[in-house]
Structure formats: structure tokens, C-alpha cells
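Subject: Structure handover

Hello,

Here is the structure I said I would pass on. Please open it next to this message, and read the notes below with it on screen.

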Amino acid sequence: MILGSGLLNLLVRKQAASETLKAVLLANVAMHGLSMIADVSAGAAGVVQFSKIIPGQVAHLFIGIGSLVYLMKMEKTA
């Protein structure tokens with residue numbers, strides 16, 4: 001799922017502001033937010049050690065917040 005999302009992000013990287021780009025950015029925010037919740041839940045249930053999910057959490061935060069920033073920037077210019 002994350003590789004597919006990364007490929008989609010790569011393919012739309014040079015697109016002008018559009019409804020499609022907004023949808024991609026919103027999907028990034030939702031996917032990484034939900035993935036963070038799933039990872040923390042797995043850690044809390046003891047399925048995975050918290051030390052093992054930290055790198056993924058950092059990636060989710062970086063991509064999710066970055067997408068949110070660009071989405072908000074697009075909304076301001078519209």
C-alpha cells in the first residue's frame with residue numbers, strides 16, 4: 001500500500017493544483033493517519049514492540065504532515 005502510494009505521489013509530483021492533486025494529498029493524510037493508529041494499536045496489544053514501530057511512525061508523520069501542509073497551501077491559493 002505504501003509503495004503504491006509512493007508511486008502515485010511520484011506520478012503527480014509536477015501537476016498543477018487541481019481536484020485530483022487535492023484528492024491525492026487528502027488520501028495521503030488519511031492513509032498515514034490511519035496507519036499510525038494501526039501501528040500504535042499493534043504496539044499496545046503487544047503484537048509488535050514499540051521500538052520496532054518508531055521508524056514507521058516517523059515516516060507516517062513526515063509524509064502525513066507534509067501532505068497536509070501542501071493541501072492547506074493549495075486551499076489558500078484557490
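How do H1 and H2 lie relative to each other, roughly parallel or roughly antiparallel? To answer that, start with the axes. Bear in mind throughout that this is a predicted model. Helix H1 covers residues 2–11, and its axis comes within 11 Å of the axis of H2, crossing at roughly 155 degrees. Angles over 145 degrees count as roughly antiparallel, and H1 and H2 are therefore roughly antiparallel to each other. The crossing in which H1 passes H2 is left-handed.

The overall layout

The protein chain has 3 helices and 0 strands. Read from the N terminus, its elements follow the order α-α-α. The C-alpha trace spans about 45 × 25 × 15 Å along its principal axes.

H2 and H3

For H2 and H3, the axes are 8 Å apart and the packing angle is about 155 degrees. By the cut-off of 145 degrees, H2 and H3 are therefore also roughly antiparallel to each other. H2 passes H3 in a crossing that is left-handed. Sorted by class, the residues in the contact of H2 with H3 are 15 nonpolar, 8 polar and 3 charged.

The largest pocket

Rolling a probe the size of a water molecule over the atoms shows where empty space is left. In this model, the largest pocket holds about 330 Å³ of space. It is lined by 16 residues, and those closest to its centre are Leu21, Leu25, Gly66, Ser67 and Tyr70. Two elements, helix H2 (19–44) and helix H3 (50–77), each give two or more residues to this lining. Which of them gives the largest share? The answer is H3, with 8 residues. Split by class, the lining of the largest pocket consists of 9 nonpolar, 5 polar and 2 charged residues.

Salt bridges

Side chains of opposite charge can pair when their charged atoms come close. How many salt bridges does the structure hold? The number is 2. One of the pairs to look at is Glu19 with Lys22, which form a salt bridge whose closest N and O atoms are 3.6 Å apart. Where do Glu19 and Lys22 lie? Both are in helix H2, 3 residues apart, and that spacing is about one turn of the helix.

Regards

Methods
Residues numbered from 1 in each chain as written. Predicted model: local features only at pLDDT ≥ 70, side-chain atom pairs only at ≥ 80, totals over all residues. Heavy atoms only, no water. 1 Å grid on protein atoms, 1.4 Å probe; cavity = no way out; pocket = protein on both sides within 12 Å on 5 of 7 lines; lining within 4 Å. Points joined across faces, edges and corners; volume = space filled by probe spheres on them. Helix = DSSP H or I, 4+ residues; strand = E, 2+ residues; numbered from the N terminus. Nonpolar A, V, L, I, M, F, W, Y, C, P; charged D, E, K, R; others polar. Axes fitted to C-alpha atoms, helices over the stretch in contact; angles between N-to-C directions. Parallel < 35°, antiparallel > 145°, perpendicular 65-115°, else oblique. Left-handed = near helix turned anticlockwise from the far one by under 90°. Salt bridge = Lys/Arg side-chain N within 4 Å of Asp/Glu carboxyl O.
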